[in-house]
Amino acid sequence: MEVFQASFEDVRCKCVCPRSLDINGTGPVYIKNIEPNNCRCEDVVPPMMSAARGDICHYCECNYESRNTTTIKVVVIFIICVVSLLFVYMLFLLCLDPLIQRRPPHYTEHTDEEVNLEDMSAPRVSQMEAASAAAAARQRSILNRVTDEQKKWKATVQDQRKNIYDRHTMLN
C-alpha cells in the first residue's frame with residue numbers, strides 16, 4: 001500500500017484505487033493535502049504516464065476527509081490515564097489483600113512490669129484495657145465483615161468462571 005504526503009493532517013484528499021490495477025495485487029492509496037474542490041484523482045495521483053494515469057483515475061474513488069487529530073490525541077491520552085489508574089488500583093488491592101488476610105495476634109500494651117502477688121488472687125481489668133479490648137473486637141468485626149464479603153465475591157467470580165468456561169452458560 002502506498003501512502004504519500006499528508007497522511008496525518010487534519011484535512012486531506014484520499015484516493016483509493018482498485019487492487020486489480022496494481023502489480024502487487026494491493027490497491028494503491030494516494031493521500032494529498034489539497035482544497036476540497038480539488039479533490040480529484042488527477043490532482044492527487046502522482047504524475048506517471050498520462051495514458052496509465054487516465055485509466056487509473058476512472059476506477060479510483062476519491063474522498064475529502066476532515067478530522068480533528070487534537071480530539072483523537074486527547075481521547076487516547078484519557079484512555080491511557082484511565083487504564084493506568086485502574087492498573088495502580090489493582091496493584092493497591094493486590095498489596096492490600098495479604099494485609100486483610102493476615103490476622104494480627106492479640107496484643108495488649110504492658111505499662112506496669114511490677115507484679116503484685118496480693119492482686120494475683122483477684123484479677124481485675126482496668127478501664128483502659130477494657131476499652132482497648134472493645135476497640136480490637138470492633139476492628140476484628142469490621143475486618144471479618146470485609147473478609148467475608150471478599151470471600152463471597154471470590155466465590156461468585158469462581159462460579160461465573162465455571163459456568164461460562166466449563167458449562168458455557170451465563171448466570172441470571
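## Salt bridges

This predicted model holds four salt bridges. One of them joins the side chains of Glu 65 and Arg 12, at 2.7 Å from N to O. Arg 12 has 9% relative accessibility, under the 20% cut-off, and so counts as buried. Glu 65 is partly exposed, at 26%.

Another salt bridge pairs the side chains of Arg 40 and Asp 43, with an N to O distance of 2.8 Å. Arg 40 is partly exposed, with a relative accessible area of 42%. Asp 43 is also partly exposed, at 26%.

## A pair within helix H4

The side chains of Glu 149 and Lys 152 form a salt bridge at 3.6 Å, N to O. Both residues belong to helix H4 (residues 127–166). They are three residues apart, so about one helical turn separates them. Lys 152 is exposed, with a relative accessible area of 51%.

## Confidence

Mean pLDDT for the protein chain is 75. Of its residues, 64% reach 70 or more. Confidence is highest in helix H3 (residues 69–101), at a mean of 92. Helix H2 (residues 50–59) is lowest, at 66.

Over residues 1–6, pLDDT stays under 50. The model has 18 contacts beyond four places in sequence for this stretch. Where pLDDT is low, predicted coordinates should not be read in detail.

How values were computed
Residues numbered from 1 in each chain as written. Predicted model: local features only at pLDDT ≥ 70, side-chain atom pairs only at ≥ 80, totals over all residues. Heavy atoms only, no water. pLDDT = per-residue confidence, 0-100. Helix = DSSP H or I, 4+ residues; strand = E, 2+ residues; numbered from the N terminus. Contact = heavy atoms within 4.5 Å. Buried < 20%, exposed > 50% of the residue type's maximum accessible area, 1.4 Å probe, protein only.
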